[in-house]
Amino acid sequence: MTERVAATPGLYPLPDWAKETLSDLKGHQKGDLLSGDESEAIVEQYDEVRAEYVDDQLDAGLDRVVEGQGRWDDMIAHPLTVHDSVETGGIVRYYDNNNFYRDPRVVDDLDFSGDVARELESATDLIDGAAPLAATLPGPYSLAELATDEHYGDEAAFQAAIAEFLAGEVEAFPAHETLFLLEPSLVTSPPAEGEESAATDAIATVADATDADVVVQTFYGALGEKLYAHLVDEAGADALGLDLVAGDRDDTVYNVQEFGSTDSLALGLVDGQNTLVEEPETIAERVEWFESQIPAEGFDRTYLTPNTELFYLPANKYRAKLNALTAATEVLE
Amino acid sequence: MVRNPSANREQFRPNDHPNDAFLLTTVVGSYPKPKWLNRADELVDDPDSKFDATDLEEAHDDACRLITHEHERAGLDTVVDGEMRRNEMVEFFAERIDGYEFNGPVKVWGHNYFDKPSVVEEVEYDEPWLVDEFEFTSNVAERPVKVPITGPYTLGFWAFNEAYPSTEELVYDLADLVNEEVEKLVEAGARYIQIDEPALATTPEDHAIVGEALERIVSGIDEEVRIGLHVCYGDYSRIYPEINDYPIDEFDVELCNGDFEQIPTFTDPEFEPDLALGVVDAHTAEIEPVEEIKANIRQGLRVVPPEKLTISPDCGLKLLPRDIAYGKTENMVTAVREVEAEIDAGEIDLDNPLADD
């Protein structure tokens with residue numbers, strides 16, 4: 001019997017009140033974005049945001065609760081942009097979206113930071129045992145792709161250093177049931193042929209740093225078949241996350257049928273980039289349809305997730321999407 | 001294919017124009033709002049204030065009159081009201097088109113947000129969007145008034161599409177609505193329309209969708225009406241020479257910001273519409289000296305002859321301090337008139353316009 005789990009990879013939109021209070025406290029310019037040493041007043045605002053995120057998820061009844069990453073001004077580049085060995089450069093486009101982040105220029109050794117672990121400690125206190133925690137990090141491949149190396153001097157060394165850095169951060173995390181590693185770059189700018197193993201090795205380095213179930217969430221479309229096969233076999237993931245909203249769904253089905261899958265899968269079923277809220281029945285049908293395409297005799301777990309982070313949405317629609325996911329798992333029961 | 005810009009350009013030459021050569025001067029549209037107007041915009045939402053919607057309308061009228069005259073004082077041949085009535089380029093139109101709804105602000109970067117609307121049903125034309133503001137501005141202006149309209153590609157792709165099977169189909173429906181609006185503006189006397197499509201710069205591979213949308217926008221629009229297209233911030237080589245097939249009179253570009261490095265892109269094959277060239281930077285708070293702007297204008301002469309060259313700032317000036325925006329506009333016009341005189345005097349080699357005489 002396959003377990004169905006409603007979860008999200010995090011990065012939620014700020015509540016509207018916090019958009020105002022934080023922009024008043026921090027300002028609108030590049031230099032005003034978070035650097036990791038924010039004032040007490042700003043810390044307090046984010047504490048309230050975090051509490052609201054936890055409530056939103058517990059109210060919706062999600063099976064895994066995330067911290068929500070309200071502080072991540074630079075989206076998944078955040079763990080670097082707040083790092084002491086990183087200088088932030090110009091504002092650059094975040095994938096193919098009308099969103100921008102500060103280019104993290106790595107200028108020194110990426111030693112331990114603890115920034116994300118501190119957020120997760122706070123979330124753990126707020127959740128207070130009401131649901132299992134899911135941690136979120138960028139995957140090492142995507143983070144290396146988003147950053148600029150001005151220190152390591154070699155692409156492979158840079159990717160490995162980022163993987164080691166992320167692994168070190170994970171080791172400091174409080175107890176967590178699941179770790180989401182966000183890897184959109186595997187879809188948008190995949191490793192060159194023959195270099196897939198360097199990417200999967202880097203991911204495995206991070207995955208090996210935790211006993212939790214690791215979900216490698218890929219998005220903005222379907223994975224190339226060769227890379228898909230490498231990821232299933234080598235990335236150390238308990239579940240590969242597949243985007244069933246963007247790109248060609250048939251390609252994804254083909255990959256699964258041809259190359260098998262991880263023991264569990266995360267299915268990106270709810271559109272993180274459109275305000276149209278999916279009907280729970282529609283989501284449930286998609287789950288059953290996709291599971292029926294998998295050749296293996298059942299597998300451990302299906303995570304029902306949005307295909308992307310949810311910060312693209314207005315706050316009311318983000319909450320509606322959380323509810324849709326949990327309602328879908330109830331339809332499937 | 002390109003419309004017929006030579007059929008509509010001369011109507012914008014002022015009667016007292018001092019030179020034979022005529023480089024049409026214009027602006028892209030937006031201009032810094034007077035501080036008091038921002039206060040007025042906020043005051044109308046304050047339940048404790050007696051300031052109401054009628055008062056705000058009066059404030060908008062006053063601001064439009066002020067900025068239109070400020071443009072005339074700077075010497076521009078064609079003017080805009082500085083978009084004093086508009087908040088944001090998508091929101092303003094989405095509020096006027098049936099089929100859009102607003103759910104709240106979404107992040108662009110840091111703490112910069114945009115009230116990105118959702119299209120929840122088929123878009124439909126209700127009341128005119130801009131006819132009242134055009135009539136007001138053209139009544140207070142002594143120079144011809146240009147009307148900037150956010151284009152259907154940007155109105156479609158900078159919204160959440162909940163209702164259409166593809167955003168391309170939404171764009172074509174929006175283009176039909178823009179066509180209806182342009183017809184009404186022309187009926188009201190408008191002769192210079194600018195379609196703004198900043199979204200194309202980020203997805204240049206969609207140039208054919210914009211082309212098809214433009215065909216719909218200009219359908220039935222007489223050639224005495226000048227249709228411009230403004231696309232800012234992008235790698236123009238990815239939409240050139242395709243834009244030569246667009247049914248437009250003028251293509252307005254932002255090149256000053258990139259030191260005119262992209263000028264050679266437009267020289268081969270031959271540029272077909274008129275070129276509207278940005279010669280002052282909309283994102284630096286220093287007023288360019290006249291001599292520097294004159295050198296920038298010469299860059300445009302590498303692409304088109306004087307009778308096909310229009311001069312404007314790079315983009316809307318609304319993010320600048322107002323005195324800087326005015327200074328840039330005034331110096332731009334001065335530079336244009338001086339370049340025209342030099343062309344008349346044969347001091348500029350039009351085959352090699354960057355050469356010293």
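In which loop of chain B is B:Pro241 found? The residue lies in the loop that runs between β9 (226-231) and β10 (250-253) of chain B. The legends below refer to a predicted model.

Figure 1. B:Pro269 belongs to the loop between β10 and β11 (274-278) of chain B.

**Figure 2. Packing of helices α6 and α8 of chain B.** Two packed helices are described by the angle between their axes and the distance between the axes. Helix α6 (residues 167-187) of chain B packs against helix α8 (residues 207-218) of chain B at an angle of about 30°, and their axes are 8 Å apart. Because angles under 35 degrees count as roughly parallel, α6(B) and α8(B) are described as roughly parallel to each other. The crossing of the two helices, α6(B) and α8(B), is right-handed. On the α6(B) side, the contact is made by B:Glu168, B:Val171, B:Tyr172, B:Ala175, B:Asp176, B:Val178, B:Asn179 and B:Val182. On the α8(B) side, B:Ile209, B:Glu212, B:Ala213, B:Arg216 and B:Ile217 take part. By residue class, the contact of α6(B) with α8(B) comprises eight nonpolar, one polar and four charged residues.

**Figure 3. Positive phi at the non-glycine residues A:Tyr220 and B:Glu83.** A:Tyr220 has phi near 80°, a positive value in a residue other than glycine. The position of A:Tyr220 is in the loop between β7 (213-217) and α9 (225-234) of chain A. A residue is buried if 20 or more other C-beta atoms lie within 10 Å of its own; A:Tyr220, with 20 such atoms within 10 Å, is therefore buried. In chain B, B:Glu83 shows a positive phi of about 55°, although B:Glu83 is not a glycine. The loop between α2 (53-73) and α3 (91-94) of chain B holds B:Glu83. B:Glu83 counts as buried because 20 C-beta neighbours lie inside 10 Å.

**Figure 4. Contact between chain A and chain B.** In this view, 25 residues of chain A are in contact with 16 residues of chain B. On the side of chain A that touches chain B, α1 (16-26), β3 (100-106) and α12 (315-332) of chain A each supply at least two residues. The largest share of this side, five residues, comes from α1(A). The residues of the side of chain A that touches chain B comprise twelve nonpolar, seven polar and six charged.

Definitions and conventions
Residues are numbered from 1 along each chain as its sequence is written. Chains are lettered from A and ligands numbered from 1 in the order in which they are written. This is a predicted model: local features need pLDDT of at least 70, side-chain atom pairs count only at pLDDT 80 or more; totals for chains, interfaces and linings use all residues. Axes are lines fitted to C-alpha atoms, for helices over the stretch in contact, and angles run from 0 to 180 degrees between N-to-C directions. Helices (H or I, at least four residues) and strands (E, at least two) are DSSP runs, numbered from the N terminus. Angles under 35 degrees count as roughly parallel, over 145 as roughly antiparallel, 65 to 115 as roughly perpendicular and the rest as oblique. A crossing is left-handed if the near helix is turned anticlockwise from the far one by less than a right angle, and right-handed if clockwise. Two residues are in contact if their C-beta atoms, placed from the backbone, lie within 7 Å. Ala, Val, Leu, Ile, Met, Phe, Trp, Tyr, Cys and Pro count as nonpolar, Asp, Glu, Lys and Arg as charged, and the others, Gly among them, as polar. A residue is buried if 20 or more other C-beta atoms lie within 10 Å of its own, exposed if 12 or fewer, and partly exposed in between; C-beta atoms are placed from the backbone.
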